[in-house]
Amino acid sequence: MSAWLSDETTLRTGTDPGRGVDIFTLLRERTDDRAAQVTASGAAWLAGASPYPRSTLSRWEASPGSPGVLPCGSSFDIVNVPALFGRRMLERLWAEGPGSGPVATHRGRMLLFASPGTAQRLPSLLAWEEWGTGSGDGPREQQGALPPVLCHGTGDAVTVPPLAGVAGAGGPRWVVAPDTRNPWLPGPDVLLWACVRVGRSAAPSTTGYSIFPPADPGANVYDVTRRR
């Protein structure tokens with residue numbers, strides 16, 4: 001994957017190798033949010049998902065601020081969840097789990113890059129866990145409902161954010177940008193764990209999520225309904 005690129009500084013736009021914009025130099029010189037910044041190695045990894053990585057990089061060199069479209073199934077799959085649910089998944093993955101791979105947002109959804117094959121396995125795992133836990137013969141413990149989880153794998157393509165997007169601009173953007181040629185990608189088991197943990201944390205009588213921190217167990221609580 002992307003083994004053809006031995007020297008990241010040689011790809012430039014135009015016919016003259018001494019002219020044009022070097023996309024890798026551009027990425028190295030960026031000074032904005034590092035977590036949301038694609039590195040030269042990350043760009044090479046993304047291009048490796050395409051059947052024609054050199055042509056893909058040439059297009060990105062010509063328009064580094066434009067989104068791209070990449071196929072799923074070879075370098076990565078995509079797990080597509082509502083933005084708020086996805087942010088809570090990320091909180092769980094980074095606070096209690098192994099972390100995440102690259103993550104992007106697009107049209108109110110969060111796109112979690114996952115290991116190839118996740119799109120095939122995760123839906124069946126979620127279908128089982130959505131009913132709760134327990135043995136096949138015993139009663140199951142009911143869990144919170146999960147929002148629509150879309151999985152994109154072989155045969156699908158997704159829009160990826162620009163390599164050099166402008167902060168605050170509309171359209172897709174990176175939350176955790178690829179920064180290496182071999183990023184770690186969560187598999188179906190890790191993402192299932194995150195989905196179930198977030199689903200279980202939701203109050204069963206509500207469909208939204210609280211924006212307030214948990215109450216302090218040692219705090220004094222007063223019945224304000226009795227005040228005049």
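# Briefing: a predicted model and its aromatic cluster

F76 and F113 are both buried, where buried means under 20% relative accessible area, exposed over 50% and partly exposed in between, with a 1.4 Å probe and protein chains only. The structure is a predicted model, in which local features need pLDDT of at least 70, side-chain atom pairs count only at pLDDT 80 or more, and totals for chains, interfaces and linings use all residues. Residues are numbered from 1 along each chain as its sequence is written, and side-chain values use heavy atoms, with hydrogens and water left out.

**Confidence**

- The average pLDDT of the protein is 76, and 64% of the residues score at least 70; pLDDT is the predictor's confidence in each residue, from 0 to 100.
- Residues 1-21 stay under 50 in pLDDT, and the model has 44 contacts for them beyond four places in sequence; a contact means heavy atoms within 4.5 Å.
- Residues 219-228 also have a pLDDT below 50, and this stretch has one contact in the model beyond near neighbours in sequence.

**Overall build**

- The protein has six helices and seven strands, which are DSSP runs numbered from the N terminus (helices: H or I, at least four residues; strands: E, at least two).
- Along the sequence, the pattern is α-α-α-β-β-α-β-β-α-β-β-β-α.
- Of the 228 residues, 42% count as buried.
- Among contacts between residues at least 6 apart in sequence, 74% join residues at least 24 apart.

**Aromatic rings**

- The structure holds four aromatic pairs; rings of Phe, Tyr and Trp (its six-membered ring) pair if their centres lie within 6.5 Å, and planes under 30 degrees apart count as stacked, over 60 as edge-to-face and the rest as tilted.
- The W45 and F113 rings form a tilted pair, because their centres are 6.1 Å apart and their planes stand at 55 degrees.
- W45 belongs to helix α2 (residues 40-47) and F113 to strand β4 (residues 109-114), 68 residues apart.
- W45 is buried, as is F113.
- The rings of F76 and F113 have centres 4.8 Å apart and planes at 55 degrees, so this pair is tilted.
- F76 sits in the loop between β1 and β2 (77-82) and F113 in strand β4, so the pair ties together parts 37 residues apart in sequence.
- One aromatic cluster is formed by W45, F76, F113 and W174.

**Strand β1**

- In strand β1 (residues 68-71), G68 and L70 make up the covered face, while V69 and P71 make up the uncovered one.
- In a regular strand the side chains alternate between the two faces of the sheet.
- Strand β6 (residues 157-160) pairs with β1 in the antiparallel sense over four bridges; two strands pair if DSSP finds at least two bridges between them.
- Opposite L70 stands V158 in β6.
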